[in-house]
Amino acid sequence: MVSFMKIKSASLALIAFLVIFVVLPAVFIQINNRFSLPEFSHLFLKVIGIFLIFLGVLPGMYTFVIFRKVGKGTPIPVEPPKKLVIEGLHCYCRNPMYVGYMAILFGIAFLFGHVLLFGYAVLMMIFIHFTVVMIEEPILRKRFGSEYDAYASQVPRWFRFKF
């Protein structure tokens, strides 16, 4: 039986997702239009936007599945993983879900071409970074201890580029 807290947490996560990726972008589009702020529109940029949105959705779905399968939990704070997930995409980046979120936000900006959407994407990127550094990582260090410290020393927070 699913507890009320899990339903409440999942509902709040869905509301947050809709606010961040639908409501706020719509508000910024309206403000951008209202004040005739710069816009750009080109088919190539729209294609990049759609590609980034699609690419950004994949890590979120992947993270939910691997957190459930390997971590025996979810990305939702009320049911966090019981085991540290350090495989798959997590071998290359400690936060693939957040990288996906950033891709979605920049994809929305490219798709609609409003300058305020780019500003919003940049501000959200900064917000996500500081949330991870100041809140999420200390929680993970406390929950998983030296296992998380070893993982964090081997895998970058955001990107690993090999050339």
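Visitor: Take contacts between residues at least 6 apart in sequence. What share joins residues at least 24 apart?

Guide: In the protein chain, 70% of those contacts do. Contact means heavy atoms within 4.5 Å.

Visitor: What kind of model is this?

Guide: It is a predicted model, where local features need pLDDT of at least 70 and side-chain atom pairs need 80 or more, while totals for chains, interfaces and linings use all residues. Residues are numbered from 1 along each chain as its sequence is written, and side-chain values use heavy atoms, without hydrogens or water.

Visitor: How many helices and strands are there?

Guide: Five helices and zero strands. From the N terminus on, the order is α-α-α-α-α. These are DSSP runs numbered from the N terminus: helices are H or I with at least four residues, strands are E with at least two.

Visitor: What does the C-alpha trace span?

Guide: About 50 × 45 × 25 Å along its principal axes.

Visitor: And what is the accessible surface?

Guide: About 10300 Å² for the protein chain. Carbon and sulfur atoms hold 75% of that. The areas come from the Shrake-Rupley method with a 1.4 Å probe, and for residues only the protein chains shown count as cover.

Visitor: What part of the chain is buried?

Guide: Buried residues are 34% of the 163. Buried means under 20% relative accessible area, exposed means over 50%, and partly exposed is in between (1.4 Å probe, protein chains only).

Visitor: Let's pick one residue. Is Ile 104 buried or exposed?

Guide: Ile 104 is buried, at 6% relative accessibility. It sits in helix α3.

Visitor: Which residues does Ile 104 touch?

Guide: Leaving out residues up to four places away in sequence, Ile 104 touches Phe 21, Leu 52, Ile 53, Gly 56 and Val 57. Take Val 57: it is 47 residues from Ile 104 in sequence, yet the two C-alpha atoms are 7.0 Å apart.

Visitor: New topic. How do α3 and α4 cross?

Guide: Helix α3 covers residues 96-112 and helix α4 covers 115-144. Their axes come within 8 Å and cross at roughly 170°. That makes α3 roughly antiparallel to α4. Axes are lines fitted to C-alpha atoms, for helices over the stretch in contact, with angles from 0 to 180 degrees between N-to-C directions. Under 35 degrees counts as roughly parallel, over 145 as roughly antiparallel, 65 to 115 as roughly perpendicular, and the rest as oblique.

Visitor: Which residues make the contact between α3 and α4?

Guide: On α3 they include Tyr 98, Met 102 and Phe 106. On α4, Phe 118, Met 125 and Glu 136 are among them.

Visitor: And how do α4 and α5 pack?

Guide: At an angle of about 130°, with axes 6 Å apart. So α4 is oblique to α5. Helix α5 is residues 146-154. Glu 137, Leu 140, Arg 141 and Phe 144 of α4 meet Ser 146, Glu 147, Tyr 148, Asp 149 and Ala 152 of α5.

Visitor: What about charges? How many salt bridges does the whole structure have?

Guide: Four. A salt bridge is a side-chain nitrogen of Lys or Arg within 4 Å of a carboxyl oxygen of Asp or Glu. One of them joins Arg 141 and Asp 149, with the closest N and O atoms 2.8 Å apart.

Visitor: Are Arg 141 and Asp 149 buried or partly exposed?

Guide: Arg 141 is partly exposed at 37% relative accessibility. Asp 149 is partly exposed too, at 37%.

Visitor: Which partner does Arg 157 have?

Guide: Glu 137, at 2.7 Å, N to O. Glu 137 lies in α4 and Arg 157 in the segment after α5, so the pair ties together parts 20 residues apart in sequence. Glu 137 is buried at 3%, while Arg 157 is partly exposed at 24%.

Visitor: What does Arg 68 pair with?

Guide: Glu 79, with N and O 2.9 Å apart. Arg 68 is in helix α2 (residues 43-69) and Glu 79 in the loop between α2 and α3, so this pair links parts 11 residues apart in sequence. Arg 68 is partly exposed at 40%, but Glu 79 is buried at 15%.

Visitor: Last one. Where does Phe 17 lie?

Guide: In helix α1, residues 4-34. Phe 17 is partly exposed, at 35%. It belongs to a nonpolar surface patch that also includes Leu 14, Val 27 and Phe 35, with about 940 Å² of accessible area together. Patch residues have over 30% relative accessible area and no salt bridge; like charges are joined within 9 Å, nonpolar side chains (Val, Leu, Ile, Met, Phe, Trp, Tyr) within 5 Å.
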